[in-house]
Amino acid sequence: MQEFDFVIVGSGHNGLTAAAYLAKAGKSVVVLEKRPSLGGACVTEEVWPGYHVSTAAYLCSLLHPAIISDLELHKYGFEIDRRDPSGFAPFEDGSYLLFQRDESATRKELLRVCPKDADAYFQFEKDVETAADILEPFFLDAAPSMGKIADAFSSQGAFPLFEQFFTQSVRTLLENRFNSEKLMAVLSTDGLIGTAAGPSDHGTAYVLLHHYMGRAVGARGAWGYVKGGMGSVSNALAQSAIANGAVILSDKEVARIDVTNDRAAGVTCTDGSVFSGKAVLSNAHPFTTFGLTKQSPPPDIAETINRWKTHGVSCKINMTVSELPNFTAMPGLASGPQHRGTVHLAPNMDFLDKAWHDCHDGRPSEYPMVEIYMQSATDSSLVPEGKHMLSCFTQYFPYEIDSNLNAIAEENRYYRRVIDTIARFAPNVPESIENVQVLTPRKLEEQFGLIGGHIFHGDITPNQMFGGRFGLADSRTPIRGLYICGSGAWPGGCVSGIPGSNAARQVLKDLQNKKI
């Protein structure tokens with residue numbers, strides 16, 4: 001048996017964040033990872049020789065500035081470049097929108113395509129920032145109730161924003177502000193990412209707000225590419241933890257969380273090795289965590305398990321190509337503004353609603369929502385000379401496919417539909433493809449341990465957020481000494497590190513107060 005102060009199950013970025021904070025506090029920490037590589041779904045992998053792929057997570061914004069500073073991540077190789085432009089949206093009529101860092105340039109774009117919405121767009125940006133500023137302090141504490149959030153907005157004279165962002169669908173939110181279907185379709189995708197819901201479903205307005213919460217690149221809601229891919233985030237966190245004395249072991253699968261006298265006292269691994277500690281922090285999905293205890297969950301947790309929405313709908317498609325897309329709306333094979341931000345392929349709100357309804361009925365979307373990311377256009381170190389990668393985030397692909405359909409055949413058809421969608425805007429893409437990796441929800445589950453293939457350990461709609469993720473107001477579970485430090489804890493998914501830092505802070509507080 002090896003003894004530590006704290007044992008952490010899983011080396012996802014949140015587990016590494018918790019490890020780094022606990023080690024920095026002078027505690028002995030061991031992190032146990034079943035895969036050969038660290039980082040969970042926040043990794044860079046050489047999927048094909050010479051191609052360094054951000055296999056799952058692909059962009060960074062929500063990694064909290066305090067975490068970056070406290071853990072000195074820049075010292076350990078973390079670098080992030082803000083995307084500019086942030087987005088490019090071509091449309092089948094040959095028009096396009098380009099969202100640039102320079103406000104005057106973006107205004108010109110809006111006046112060209114949807115002139116009635118130019119002023120409304122910038123008012124929307126201000127309102128989102130106001131709402132995010134009010135909400136952000138709650139991210140670094142126990143999960144608040146909706147009432148507490150409402151009171152905070154009221155005290156700031158912003159209660160109408162609370163009603164909009166916390167009770168509405170993203171469709172209602174945007175239709176009350178804008179006229180252009182094109183603009184609304186582009187903006188609405190932030191309310192749909194990773195969520196088993198459509199634009200007309202209540203709660204999706206909050207999902208949009210959640211994706212605007214980040215300040216990692218210095219500006220609210222802006223996103224960036226991490227140099228070297230997303231694995232650089234996990235590597236920097238791991239190096240920070242190791243520098244402060246943490247031990248990180250890969251190829252070390254936990255078979256059981258050992259519960260003695262109603263207290264988590266350590267873990268036993270599949271190879272028979274045992275690690276004891278004052279507490280166990282699990283970066284794994286809550287379902288996995290409670291399963292590892294080998295105990296029947298308490299009634300309230302059992303009820304939560306039965307109603308928790310954790311079936312993913314996102315399908316990540318990574319491709320290598322011989323050349324960049326040559327968009328009909330903005331031609332050019334050399335790296336240009338149309339290649340540097342998110343490419344949005346969604347014409348209108350009805351299109352997105354239909355895509356969701358297909359999935360809800362157990363079928364992959366006939367016309368999927370597609371977003372394309374091309375980090376190789378700005379970071380050539382990721383690919384062989386003259387080559388590129390397209391990272392496609394798509395929806396909707398159901399975890400549970402209609403039993404009358406063949407899953408493999410549906411996956412192949414879905415992939416072809418995604419390629420056909422891209423080809424309508426960039427006809428050269430199909431012939432340029434050299435390698436393909438398709439990660440359906442089932443494959444995400446198999447490869448990264450994401451139960452249900454859900455990239456956030458469960459939907460981040462308000463009913464699964466406020467009052468507590470997985471029914472837990474903070475990272476503590478009903479089992480003394482067992483904590484959730486991953487995306488299943490408040491404040492949920494995305495690469496933020498906040499669940500990990502919150503769990504570390506809570507366990508240190510409980511240790512000081514002799515509660516563990």
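Predicted model: local features only at pLDDT ≥ 70, side-chain atom pairs only at ≥ 80, totals over all residues.
## Cis peptide bonds and positive phi values

Pro491 sits in the loop that runs between strand 20 (482-484) and helix 18, where helices (H or I, at least four residues) and strands (E, at least two) are DSSP runs numbered from the N terminus. The peptide bond joining Trp490 to Pro491 is cis, with omega of about 0°. Residues are numbered from 1 along each chain as its sequence is written, and side-chain values use heavy atoms, with hydrogens and water left out.

Most residues other than glycine have a negative phi, and most peptide bonds are trans. Glu72, which is not a glycine, has a positive phi of about 55°; Glu72 is placed in the loop between helix 2 (65-70) and strand 6. With a relative accessible area of 43%, Glu72 is partly exposed (buried means under 20% relative accessible area, exposed over 50%, and partly exposed in between, with a 1.4 Å probe and protein chains only). Lys514 likewise has a positive phi, near 60°, and lies in the segment after helix 18, where Lys514 is exposed at a relative accessible area of 71%.

## Packing of helix 1

Two packed helices are described by the angle between their axes and the distance between the axes. Helix 1 (residues 13-24) packs with helix 10 (residues 231-243) at an angle of about 25°, the axes being 8 Å apart; axes are lines fitted to C-alpha atoms, for helices over the stretch in contact, and angles run from 0 to 180 degrees between N-to-C directions. Helix 1 and helix 10 are therefore roughly parallel (angles under 35 degrees count as roughly parallel, over 145 as roughly antiparallel, 65 to 115 as roughly perpendicular and the rest as oblique). Their contact, meaning heavy atoms within 4.5 Å, involves His13, Leu16, Thr17, Ala19, Ala20 and Ala23 of helix 1 together with Ser234, Leu237, Ala238, Ser240 and Ala241 of helix 10.

Helix 1 also packs with helix 18 (residues 498-512), at an angle of about 40° and with the axes 7 Å apart, and this pair is therefore oblique. On the helix 1 side the contact includes Asn14, Thr17, Ala18, Tyr21 and Leu22, which meet Ile498, Pro499, Gly500, Ser501, Ala504, Val507 and Leu508 in helix 18.

## Buried residues in helices

Gly231 lies in helix 10 and is buried at 5% relative accessibility. Although Gly231 and Thr44 are 187 residues apart along the chain, their C-alpha atoms are separated by 4.3 Å; leaving aside residues up to four places away in sequence, Gly231 touches Cys42, Val43 and Thr44.

Gln338, in helix 13 (residues 337-340), is buried at 3% relative accessibility. A polar atom of the Gln338 side chain lies 3.1 Å from the backbone oxygen of Met330. Not counting residues up to four places away in sequence, Gln338 touches Phe88, Phe327, Met330, Pro331, Gly332, Val343 and Met374.

Notes
Polar contact = N/O pair within 3.5 Å; in protein donor to acceptor, adjacent residues only side chain to side chain.
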